[in-house]
Amino acid sequence: MPTSVVAVAKTFKVPQGAAVLDVRRLQNPHRAIRAKELSEDLDAIEAWLRRDARACERLDALVERGRRCAQDTLYVVCHGGKHRSQVVARLVREAGACER
C-alpha cells in the first residue's frame, strides 16, 4: 500500500520509475460538468462514475490495483488531474488508510 497517493494531470512529469495508475479510460465527466449536469463535488463525480455496473467494476478494479501498489508514492493520472484522478486517489487512500 502506498503511503502517498497523488492525483496529477497527464502533463505532469512523473518521476522515472514511479508507480502510475492511468485512469483516462474511465469516462470523463468534463462535459457533464461544463453543461452544469454534474457538480465538481468529488462525491457527485464518484456517483457519476459508478452509474452502471460495468463502470463501477472498472473503477473498483483501478482502486484495487492502486491499493496493491508496492511503492511509497502512487501517481494517479488523468487528462486534467481534477476529476477522475482526484476521485480514484481518494478511494485508494480510503481503501488503505494511507497518510495522504
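**View 1. The largest pocket of this predicted model holds about 160 Å³ of space.** Here a pocket is an open set of points on a 1 Å grid over the protein atoms alone, where a 1.4 Å probe fits, with protein on both sides within 12 Å along at least five of seven lines. The lining includes His30, Glu40, Cys78, His79, Lys82, His83 and Arg84, and by class the lining residues are two nonpolar, six polar and three charged. Asp, Glu, Lys and Arg count as charged, and Gly is among the polar residues.

The model is predicted, and local features need pLDDT of at least 70, side-chain atom pairs count only at pLDDT 80 or more, and totals for linings use all residues. Residues are numbered from 1 along each chain, and side-chain values use heavy atoms, with hydrogens and water left out.

**View 2. Helix H2 (residues 42-49) meets helix H4, their axes coming within 10 Å and crossing at roughly 95°.** H2 is therefore roughly perpendicular to H4, a term for angles of 65 to 115 degrees. Leu42, Asp43, Ile45, Glu46 and Leu49 of H2 touch Arg84, Gln86, Val87, Arg90 and Leu91 of H4, where contact means heavy atoms within 4.5 Å. Five nonpolar, one polar and four charged residues make up this contact of H2 with H4.

**View 3. Helix H3 (residues 53-67) and helix H4 (residues 84-96) cross at roughly 55°, with their axes within 9 Å.** That angle makes H3 oblique to H4, and the crossing of the two helices is right-handed. From H3, Leu59, Val63, Gly66 and Arg67 meet Val88, Leu91, Val92, Ala95 and Gly96 of H4, and the residues of this contact divide into six nonpolar, two polar and one charged.

How values were computed. Axes are lines fitted to C-alpha atoms, for helices over the stretch in contact, and angles run from 0 to 180 degrees between N-to-C directions. Helices (H or I, at least four residues) and strands (E, at least two) are DSSP runs, numbered from the N terminus. Angles under 35 degrees count as roughly parallel, over 145 as roughly antiparallel, 65 to 115 as roughly perpendicular and the rest as oblique. A crossing is left-handed if the near helix is turned anticlockwise from the far one by less than a right angle, and right-handed if clockwise. On a 1 Å grid over the protein atoms alone, a cavity is a set of points where a 1.4 Å probe fits but cannot get out, and a pocket is an open set with protein on both sides within 12 Å along at least five of seven lines; lining residues have an atom within 4 Å of a point. Grid points are joined across faces, edges and corners, and a volume is the space filled by probe spheres set on the points.
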